[in-house]
Amino acid sequence: MSTAKVEKARFADDAIRELGWWKAHRFLLLRRASQLGLLALFAIGPLWGLWLLKGNLSSSLLLDTIPMADPLVTLQLLTSGHVPEASLLIGAAIIGLFYALMGGRVFCSWVCPVNMVTDLAAYLRRRFALPRTPELPRQLRYFMLALVLLLPVLTGVAAWEWLNPVPVLYRAVLFGAGAGLGLLVAIFLADLLIVERMWCSHLCPSGALFALLGKLSPVKMTAVNAKDCNNCMDCFVVCPERQVLKPALKGQSPIITDSDCTQCGRCIDVCAKRVFQYKNRFTFQDNPLQKSPRIAKKAENEQ
Amino acid sequence: MARQESKTQGINRRQFLATTARLSCAVALAGGGIAAVASSQQLGPQAIRPPGALAEQDFLSACVRCGLCVEACPYDTLKLARWFEEAPTGTPWFEARKVPCEMCDDIPCIKACPSGALEQELTDIDQAKMGIAVLIDEKNCLNFKGLRCDVCYRVCPLIDNAITLERSRNERSGHHAMFIPVVNPDTCTGCGKCEHACVLDEAAIKVLPPHIAMGKTADHDTYIDTENTTLDMLNKGFEL
């Protein structure tokens with residue numbers, strides 16, 4: 001990978017030349033607009049009295065009628081033994097269903113504000129070619145999820161909410177609780193200096209829960225044109241969960257079935273060969289595009 | 001990114017068990033730390049929960065820390081606790097000395113709560129028990145000095161009910177009266193308007209949580225219900 005870097009002046013140059021600057025940054029910019037736009041929709045309430053959305057990502061009310069709630073927080077309440085009001089349960093069901101359809105980790109890449117922090121750390125890592133340090137096991141996040149759901153059973157309080165960085169960031173912006181931003185600095189530094197993508201790809205229990213929710217989602221990233229792949233590795237460089245790419249590029253099915261994929265679309269952006277596309281996996285399966293991509297010279301045993 | 005080629009598909013049982021054990025230990029350690037810090041956070045003695053709040057431990061298992069009650073409060077009384085403030089992080093509270101509860105008739109904070117951390121059953125704000133006001137400093141209270149300050153009495157939303165002025169002889173001058181503010185803990189809602197309005201630099205009357213403000217008789221004590229326990233019964237040795 002480092003040799004590929006020497007050959008090219010800058011990352012994703014091919015894509016920018018081939019597709020134009022806008023198309024090579026399309027999903028990145030749309031994601032930033034989505035993340036910041038949602039935060040702004042919450043913030044214009046307390047700032048200017050425009051109450052489209054009340055509350056924060058833990059629980060909110062859209063236009064004073066539709067309840068929405070974070071499934072992880074709701075599960076913590078339930079494991080602590082508290083039976084919440086119906087509106088919270090309905091809200092959690094609405095959000096859970098939404099992400100089950102959209103692909104759970106759409107939350108991570110399109111909604112979660114912490115993503116901007118960790119993406120910045122990943123960008124700086126790439127810019128300054130920081131060495132890749134030994135990775136933590138990625139299944140650690142599922143242990144974290146189990147822990148978060150177990151702590152209320154043992155302590156009787158929703159203990160994770162003391163530390164959960166997603167509401168911490170939202171509260172910092174909406175309710176002026178700025179001290180919590182120190183936690184985001186810690187996440188940023190851990191991502192930058194300790195383990196690449198340490199928080200989002202290895203530790204975050206919210207991401208783990210959403211990954212489980214999105215297992216059966218119809219919307220999937222696919223390497224439809226895997227035959228055009230020229231092994232430039234740009235998608236591997238930029239992908240926050242690069243282990244999901246290889247089976248799609250070199251395996252039996254071009255669909256990225258691994259729900260670790262955050263569906264951020266950055267692989268679409270940076271690929272000059274237009275290998276990747278968002279697809280509905282059910283219509284896609286009917287369509288016998290290509291069963292055996294050519295690039296796979298040898299059978300890869302991944303999954 | 002050259003990985004060692006694995007002879008087997010994926011990982012074997014030994015690797016799986018080792019990794020699982022290792023991760024479990026690491027996560028259990030982290031969990032112990034989180035649980036310790038999270039449950040060491042206590043509500044300060046002058047931090048008041050919104051009306052209808054469950055008992056503190058139940059409140060902490062119920063509150064999702066969404067801030068809907070804070071946004072519903074028309075007087076900016078409620079705020080969400082920041083790290084290491086008087087209340088556990090992200091939970092709603094207020095300081096009476098800064099902004100007291102205005103006791104809205106429709107109690108919008110309770111209506112806004114999605115989790116049941118604030119009890120929906122509380123519909124009459126006069127029945128709220130956010131805390132109990134205690135005239136804690138009789139030395140500096142101006143009324144105890146024989147003056148007619150009365151500010152706490154006059155701002156009380158339940159005037160002559162939650163706070164009354166009790167007249168007594170001013171022994172210091174010998175020919176004046178003292179008007180002593182007395183809190184009735186059965187009707188005081190703990191809104192904190194008295195503490196907020198106290199003219200002293202540090203309030204002589206303070207709102208405390210009921211568990212600090214109130215004593216508790218032992219179950220075996222016979223004078224709990226004096227209405228029905230006559231002197232006769234007490235003298236006889238209390239046989240029912």
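1. Let's start with a pair of helices in chain A of this predicted model. Helix α3 (residues 26–48) of chain A packs against helix α7 (residues 114–127) of chain A at an angle of about 140°, and their axes lie 10 Å apart. That angle makes α3(A) oblique to α7(A). To find the contact by eye, look for Arg31(A), Arg32(A), Gln35(A) and Leu36(A) on α3(A), which meet Asn115(A), Met116(A) and Asp119(A) on α7(A). Sorted by class, the residues of this contact are two nonpolar, two polar and three charged.

2. Now turn to another helix pair in chain A. Helix α8 (residues 140–155) of chain A and helix α12 (residues 205–213) of chain A pack with their axes 8 Å apart, at an angle of about 100°. Angles of 65 to 115 degrees count as roughly perpendicular, and therefore α8(A) and α12(A) are described as roughly perpendicular to each other. On the α8(A) side you will find Arg141(A), Tyr142(A), Met144(A), Leu145(A) and Val148(A); on the α12(A) side, they meet Pro205(A), Ala208(A), Leu209(A), Ala211(A) and Leu212(A). What classes of residue make up the contact of α8(A) with α12(A)? There are nine nonpolar residues, no polar ones and one charged.

3. Next, a charged pair. Side chains of opposite charge can pair when their charged atoms come close. Glu241(A) does this with Arg138(A): the two form a salt bridge, with the closest N and O atoms 2.9 Å apart. The partners come from distant parts of the chain, 103 residues apart. Glu241(A) sits in the loop between α13 (234–238) and α14 (245–250) of chain A, while Arg138(A) is in the loop between α7 and α8 of chain A. Over all chains, a search of the whole structure finds 16 salt bridges.

4. How many salt bridges are there between chain B and chain A? The count is zero. On the chain B side, α1 (13–40), α2 (56–62) and α3 (68–72) each supply at least two of the residues that touch chain A. The largest share, 10 residues, comes from α1(B). By class, this side of chain B has 21 nonpolar, 14 polar and four charged residues.

5. Finally, the extent of that interface. In total, 39 residues of chain B are in contact with 47 residues of chain A. The size of an interface is often given as the accessible area lost when the parts come together. Here chain B and chain A bury about 3,700 Å² between them, with 69% of it on carbon and sulfur atoms.

Terms used. Residues numbered from 1 in each chain as written. Chains lettered and ligands numbered in written order. Predicted model: local features only at pLDDT ≥ 70, side-chain atom pairs only at ≥ 80, totals over all residues. Heavy atoms only, no water. Axes fitted to C-alpha atoms, helices over the stretch in contact; angles between N-to-C directions. Helix = DSSP H or I, 4+ residues; strand = E, 2+ residues; numbered from the N terminus. Parallel < 35°, antiparallel > 145°, perpendicular 65-115°, else oblique. Contact = heavy atoms within 4.5 Å. Nonpolar A, V, L, I, M, F, W, Y, C, P; charged D, E, K, R; others polar. Buried area = accessible area lost by both parts, 1.4 Å probe. Salt bridge = Lys/Arg side-chain N within 4 Å of Asp/Glu carboxyl O.
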